[in-house]
Amino acid sequence: MVALFDEEAMTEGAHTPGPDSARSAPLAPQGEVILQWDSLSYEVKTKSKDAAWRTILHEISGEARAGETIAIIGSSGAGKTTLLNALSGRIVGGRLSGRILFRGAKRHPGSFKRINAYVQQDDLMHPMLTVHETLSYAARLRLPDSQYAAERKAERVEAVIRQLRLGAARNTKIGDELVRGVSGGERKRVSIGTELLTDPRLLFLDEPTSGLDSNSSELVVELVKGISAEQGIATLMTIHQPSARIFNTFDKVILLSQGRIVYFGPTSTAIDYFAGIGYPCPVHENPADYFVDLMTLDYRSDEALAKSRERVQSLADAFAQNEKGAVASSAATAATTDKSSPELDAEAAAAHSLPRNNWFYEYATLARRDWLNLLRNAPFLAGQLVQGVFMSLLIGFMFFNLKLDSLGAQNRLGVAFVIAVNATFPVIMPFLSLYYKERNIMIRERSSATYRVTAFYLSKFTTLLPVSFISNAIFFTGVYFISHLTFDAGKYFIGLAAFFSMIAVSVAFLLLVGSAVKSMDVGFIIAPVVLTIQLLFGGLFAVPSTITPVLRWIRWVNPVQYGFSILAQNEFRGQVYTCTPGRECYSTGEDVIAAYSVGRFTIWQNFLLLLMLGAVQAAAGYMILRWVARPRYIWL
Ligand SMILES: Nc1ncnc2c1ncn2[C@@H]1O[C@H](COP(=O)(O)OP(=O)(O)OP(=O)(O)O)[C@@H](O)[C@H]1O
């Protein structure tokens, strides 16, 4: 097993990891204070008229030692997640004050991010990858290639699979709401495994047992405790209401109520402590339930609320009183250690300067993972192909075997327009939610400095594009030949190129929308509205020159109009129609082009404008994604 932050390697200034083993030696000496926090307070601005500040955490102090597993327990809204986020350096917005020290020194955002691991409550993972693939790709992306050869990354994965008892599920897909995959407990263990790959010093877990049955919950907590003790990791986890067995597994507990500490200390002495201040836990009651009941405000009546508030306040006061001496000594210790020693500076520098994988390696790994994930999604791919075939037959036979006459000219315009529109909706809508989900996985993965945004973005572009091309090429070719557009190889390929260019613009648009929206619900509102506007102003329903100047500018940013113009000019130039005597008729294709104002720009100018529009959208999508993925954490 490879130790990224191997003590010896650090003190000797070498960055080469130590030999692999089943982690017999802990990373930090057992019992060493890894994280220390003093007078930690957190406030947020309320939405009230006077924009008053609400205190979520009140002057919280404590410490976590190597090898210890600490549970943060409290009722809903007690501030558990807020405390976990503050300690892990993931708090966003509001005012954070107090002091947090990592091994006696101020935390450095860059290095701390790589030393700690955070397992979120939602296990965001690629559903189509197996357990082994998920861990392997995480290892490839997270462990620097220069220090870990491929075999060593593979060994690290095997060690994590063993430690988390995932052997039986190694070839099972992660799954999602549509595809049956691993069990909830296994899923959580995979999620923990991806974080353990880098040998963190600190492990934070937000509600790791939520949604799990009691057996799975116990297994998760016991495994985490075992690994933490074995590897000298200081582990902190929030947990809502643990069973008595799980409660007794923890080395220490932080009991939190209304942002105040009611008890922090060894789990084994909690019952005695509460008995000592007048709250003896009934013999057959789960202590965790009993403590949470004591700490919960009772909203059933005003009287009950006042009484419970008083109780919570007295519990917090009693603990503060009890801890006064200890806090003073802890502050004194902190004061003496709040200076960076050369050793700690070396460690921070080493962690901060950990080599990253090179860009091409990151891109190639992400692209391989994307392809695998996409190719495994058989229902999605089959849906795309069926849609391509079905729509080509439907539209093809709707405009079957068009003639070179007046009606045929009218219908050819219709075909060109339908093709242009088909490069938007059917491309954007199915891929939008797929991209959005993967964007969120990327944001989670990047919170532990995994890979670059550019590598992710380009990998998405280069996987979504060919998949859309293939299914839509079937549509285009089917419609082209069944409806009998001009049988000319040059015209066919120009039409196909226009169609593909439009698809590329659509992929850029979906990346832009998928990067910008905060929820998929918003995406599903914005995208159809924009696409409907593109369709309405596409050039068929209203001749562009007749549209009111207030709205005429839309043409400049409308890919449908550029695409339609290319397809129409490509089809109509050079056509001559037979006219029925006595009926109004276009005599040539050029007449149609002039009548519908689709010849304002040449075919090649339209191509250029179309691709420029795509490039602008792709660049905007990238900038927005960077902004969205940018950490806005408050540091102490
Ligand atoms: N940024 C914020 N803006 C407004 N209120 C916030 C913010 N962060 C936390 N809170 C509030 O602080 C309180 C504590 O939130 P937190 O999520 O830490 O609770 P919790 O103990 O983890 O609860 P649960 O078990 O339900 O997840 C809640 O009332 C929450 O609404």
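Mentor: The domain assignment of the protein, automatic or from a database, gives domain 1 (7-352) and domain 2 (381-396 + 405-567 + 591-629). This is a predicted model: local features need pLDDT of at least 70, side-chain atom pairs count only at pLDDT 80 or more, and totals for chains, interfaces and linings use all residues. Residues are numbered from 1 along each chain as its sequence is written.

Trainee: How do you know which residues of domain 1 are in contact with domain 2?

Mentor: Two residues are in contact if their C-beta atoms, placed from the backbone, lie within 7 Å. By that test, 11 residues of domain 1 are in contact with eight of domain 2. Helix H3 (109-115), strand S6 (116-119) and helix H4 (131-142) each give two or more residues to this side of domain 1; helices are DSSP runs of H or I with at least four residues, strands runs of E with at least two, numbered from the N terminus.

Trainee: What makes strands S1 and S2 a pair?

Mentor: Two strands pair if DSSP finds at least two bridges between them. Nine bridges join S1 (residues 33-45) to S2 (residues 53-65), so they pair, running antiparallel. Lysine 45 stands opposite tryptophan 53 in S2.
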